[in-house]
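User: Hi! Could you walk me through this model? I'd like to start with how the chains meet.

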Protein chains: 2
Amino acid sequence: MSATMALQRPTRVAFFGQAGTFTHFAARTKFGSSIEYLPHRDIRDVFLAVSRGRADFGVVPIENSTEGGVNQTLDMFAESRLKIASEIYAPIHHHLLSKSPLDKVRVIYSHPQPFAQCRNWLMGNLGHLDQREVGSTAAAAEMAAKDPHAAAIAGRLAAEIYKVPIIAEHIEDSPDNTTRFFVVAERMSDRTGKDKTSVLISVKDEPGALLRILMPFQSHRINLTRIESRPSRRRAWEYHFFVDFEGHATDEHIRVALHELDTHAKHVEVLGSYPAAEKLPTRK
Amino acid sequence: MSATMALQRPTRVAFFGQAGTFTHFAARTKFGSSIEYLPHRDIRDVFLAVSRGRADFGVVPIENSTEGGVNQTLDMFAESRLKIASEIYAPIHHHLLSKSPLDKVRVIYSHPQPFAQCRNWLMGNLGHLDQREVGSTAAAAEMAAKDPHAAAIAGRLAAEIYKVPIIAEHIEDSPDNTTRFFVVAERMSDRTGKDKTSVLISVKDEPGALLRILMPFQSHRINLTRIESRPSRRRAWEYHFFVDFEGHATDEHIRVALHELDTHAKHVEVLGSYPAAEKLPTRK
């Protein structure tokens, strides 16, 4: 579609989960409240919505400061041709929502990641209760809205939207619990001078392969900010590495390093360059 | 207890999950059928059983060739003082178990990892059905034994133990799907000459930290076989790295490298040295 047509309708942002999830919250901090938000049940569907033109941007979680990488998002980048256009850091505070007091709760609903992020609190307080995993914190809040003996681990936005009281606040094990989200789009962002780049590197299962792919970053003094490995899903024990570093893919020293990397790795793909966002919150 | 007392009773092996899980299957390939097996509901409980002397060994999954690392096991190594005594590779074949034919199935039970490992098959065949996550493949098989409209994704051992027919075989996305397990014990294994070692390295969130910890491995020509990062769970964006490499912690060049590493990293801990096992299956 033409740029003129694009101006005639509001920006459409696809996000993972239903209204009230942390991804919805993160998307609103980036794009504000006056645009069209499209909830999607699956991370894969967010990518599809953008690549098929049904949305201009997609917002997906990529890693949590306590629980680590979101595997389904990492795996989608190995399949999709979409680029990373922005990163968003959003603080994650979990609360226990229920229409009953704590001692009347019989079952707890949440997504696997919040269960993991509140593991210590749950063991100390509600370790005997049945934990049921559902697709999102918002879906958990919906269950707690329907069943007075159920509780949900969810955020404040979900408590408001589904009208379930908060009976225990801030139950996350790490008080500075933060999730990083990526905004995916047809194209990456332009250089700002304070950028980060994410690449996917395929490595063969052979001696020395891992160190060889890291050498170009060292020789060009590129600061790696993150490395995450995932199985390639094509062959057993063959890995993809997701590497984030400081700089933009159009910077001269980055271009040279990526070219060298290409000769050592099986495959290298730039997933995107985007302005470096502040890691929130700071607790120093 | 004394070695004499230990000889007077059979070896006790704690494993994650209930009878019929893949971990039970892996434990049996290692320890045979004439010892005492102790099922444990939680990966944490397996570590506790061994550290409190209620079991001689513990068997836990550490990574799957399709789905990647098992976060709860990785995180337990950051807490526990137990050592890795062996590694086990076991092929994972998933089947759909139900007392109903495929078109009468209304709900599917399994553990999150099998759901992820059969993602493509499920989307193509049963994408419309409700997926309910339970604690293990064996628990899923038990549900399918009780409810004729339920199906379970589980292994052959679970189908046998819980007496539920297999209605679709080999539904895993990767036919060479394999899981690696660790045997944990009070002490690591002695040197055999063909060993692997696992270390946990804590790294500060600062420029260049990641490359600095990898340098000693390169300068001593130590072959890294795996690197996996996990949040430290102590401070946001601070990571532990789990690094596996060839050699035994008592080998001279490994000792020197670990000493150098210690000066660059925040903290280094040898999780164990153990005989290198064959990666199964081979599909070349």
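Analyst: Happy to. The contact takes 50 residues from chain B and 50 residues from chain A, where contact means heavy atoms within 4.5 Å. This is a predicted model, in which local features need pLDDT of at least 70 and side-chain atom pairs count only at pLDDT 80 or more, while totals for chains, interfaces and linings use all residues. Residues are numbered from 1 along each chain as its sequence is written, chains are lettered from A and ligands numbered from 1 in the order in which they are written, and side-chain values use heavy atoms, with hydrogens and water left out.

User: How much area do chain B and chain A bury between them?

Analyst: About 4,300 Å², with 49% of it on carbon and sulfur atoms. Buried area here is the accessible area (1.4 Å probe) that two parts lose on being put together, summed over both. On the chain B side, Leu211(B), Arg233(B) and Trp237(B) lose the most area to chain A, together 18% of what that side buries.

User: Nice. How many salt bridges are there between chain B and chain A?

Analyst: Two, a salt bridge being a side-chain nitrogen of Lys or Arg within 4 Å of a carboxyl oxygen of Asp or Glu. Arg230(B) and Glu67(A) meet in a salt bridge through their side chains, at 3.7 Å from N to O. Over all chains the count comes to 34.

User: What does Met215(B) touch, leaving aside its neighbours within four places in sequence?

Analyst: Met215(A) and Gln218(A). Met215(B) itself is in helix H9 of chain B, and its C-alpha atom is 9.2 Å from that of Glu260(B), 45 residues apart along the chain.

User: Switching topic: how many cavities of 30 Å³ or more turn up?

Analyst: Five in the whole structure. A cavity is a set of points on a 1 Å grid over the protein atoms alone where a 1.4 Å probe fits but cannot get out, and lining residues have an atom within 4 Å of a point. The largest cavity holds about 130 Å³ of space, a volume being the space filled by probe spheres set on the points, which are joined across faces, edges and corners.

User: And which residues lie nearest the centre of the largest cavity?

Analyst: Of its 19 lining residues, Asn71(A), Glu228(A), Asn71(B), Glu228(B) and Arg230(B).

How values were computed: On a 1 Å grid over the protein atoms alone, a cavity is a set of points where a 1.4 Å probe fits but cannot get out, and a pocket is an open set with protein on both sides within 12 Å along at least five of seven lines; lining residues have an atom within 4 Å of a point. Helices (H or I, at least four residues) and strands (E, at least two) are DSSP runs, numbered from the N terminus.
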